[in-house]
Amino acid sequence: MSVALLAGCAGPTPVAEQAPRTVLGVQADGAEITTIEGLAANGTLHPVQQAFHDHHALQCGYCTPGMVMAAVSLIEHGEATSEAAIREAVEGNLCRCTGYQ
């Protein structure tokens, strides 16, 4: 199992490869971890990172790594099917600036 790392106020939280969901760090014991820094390749941002940059989809930056990692996971697993699905997937990612509206 490999996991993608989400940032949150309680510390890093991995997302399991088989489903875009938040799990406790201990549940990722022995798994391969990909961090937000691991998305870029050879100095080129991942397309989701680039889209966040291009569309100014960040404010203070506190929740940005978690939002990007959640978006990547949703897209990779074909789960970004509706606004409701996306909202549910990011609801555990704490944002200090807004209410996601």
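Me: Where do I start? How many helices and strands does the protein chain have?

Reply: Start with the parts list. This is a predicted model. The protein chain has three helices and three strands.

Me: What share of the residues is buried?

Reply: Of the 101 residues in the protein chain, 31% are buried. Buried here means under 20% relative accessible area.

Me: And how do I read the contacts along the chain? What share join residues at least 24 apart?

Reply: Take contacts between residues at least 6 apart in sequence. Of these, 52% join residues at least 24 apart.

Me: Now the inside. Which residues form the largest nonpolar core?

Reply: The general idea comes first. In soluble globular proteins, nonpolar side chains tend to be buried together. In this model, the largest nonpolar core has 12 residues. They are I36, L39, V48, F52, C63, M67, V68, M69, A70, A71, V72 and V90. Helices α1 (47-54) and α2 (64-76) each supply at least two residues of this core. The most come from α2, which gives six.

Me: Next, helix packing. How do I describe two helices side by side?

Reply: Two packed helices are described by the angle between their axes and the distance between the axes. Now take α1 and α2. Their axes come within 9 Å and cross at roughly 130°. That angle makes α1 oblique to α2.

Me: Is the crossing of α1 and α2 left-handed or right-handed?

Reply: The crossing is right-handed.

Me: Which residues meet between α1 and α2?

Reply: From α1 come V48, Q49 and F52. From α2 come T64, M67, V68, A71, V72 and I75.

Me: Let me compare two of those. Is T64 buried or exposed?

Reply: T64 belongs to helix α2. Its relative accessibility is 14%, so T64 counts as buried. Beyond its neighbours within four places in sequence, T64 is in contact with F52 and L58.

Me: And I75: buried or exposed?

Reply: I75 is also found in helix α2. Its relative accessibility is 53%, so I75 counts as exposed. The cut-off for exposed is over 50%. I75 still has contacts: leaving aside neighbours within four places, they are V48 and A80.

Me: How far is the C-alpha atom of I75 from that of I86?

Reply: The two C-alpha atoms are separated by 9.9 Å. Along the chain, I75 and I86 are 11 residues apart.

Me: On to charges. How many salt bridges does the structure hold?

Reply: The structure holds one salt bridge. The side chains of E83 and R87 form it, at 2.8 Å from N to O.

Me: Where do E83 and R87 lie?

Reply: Both lie in helix α3 (residues 83-90). They are four residues apart, about one turn of the helix. E83 is exposed, because its relative accessible area is 55%. R87 has 35% relative accessibility, so it counts as partly exposed.

Me: Last topic: backbone angles. What is the phi of N42?

Reply: N42 has a positive phi of about 55°, although it is not a glycine. N42 is placed in the loop between β3 (32-34) and α1. At 83% relative accessibility, N42 counts as exposed.

Me: And what is the phi of H56?

Reply: Phi of H56 is near 50°, again a positive value in a residue other than glycine. H56 is found in the loop between α1 and α2. Its relative accessibility is 67%, so H56 counts as exposed.

Notes: Residues are numbered from 1 along each chain as its sequence is written. This is a predicted model: local features need pLDDT of at least 70, side-chain atom pairs count only at pLDDT 80 or more; totals for chains, interfaces and linings use all residues. Side-chain values use heavy atoms; hydrogens and water are left out. A nonpolar core is a set of buried Ala, Val, Leu, Ile, Met, Phe, Trp, Tyr and Cys residues joined through side-chain atoms within 4.5 Å. Buried means under 20% relative accessible area, exposed over 50%, partly exposed in between (1.4 Å probe, protein chains only). A salt bridge is a side-chain nitrogen of Lys or Arg within 4 Å of a carboxyl oxygen of Asp or Glu. Axes are lines fitted to C-alpha atoms, for helices over the stretch in contact, and angles run from 0 to 180 degrees between N-to-C directions. Angles under 35 degrees count as roughly parallel, over 145 as roughly antiparallel, 65 to 115 as roughly perpendicular and the rest as oblique. A crossing is left-handed if the near helix is turned anticlockwise from the far one by less than a right angle, and right-handed if clockwise. Contact means heavy atoms within 4.5 Å.
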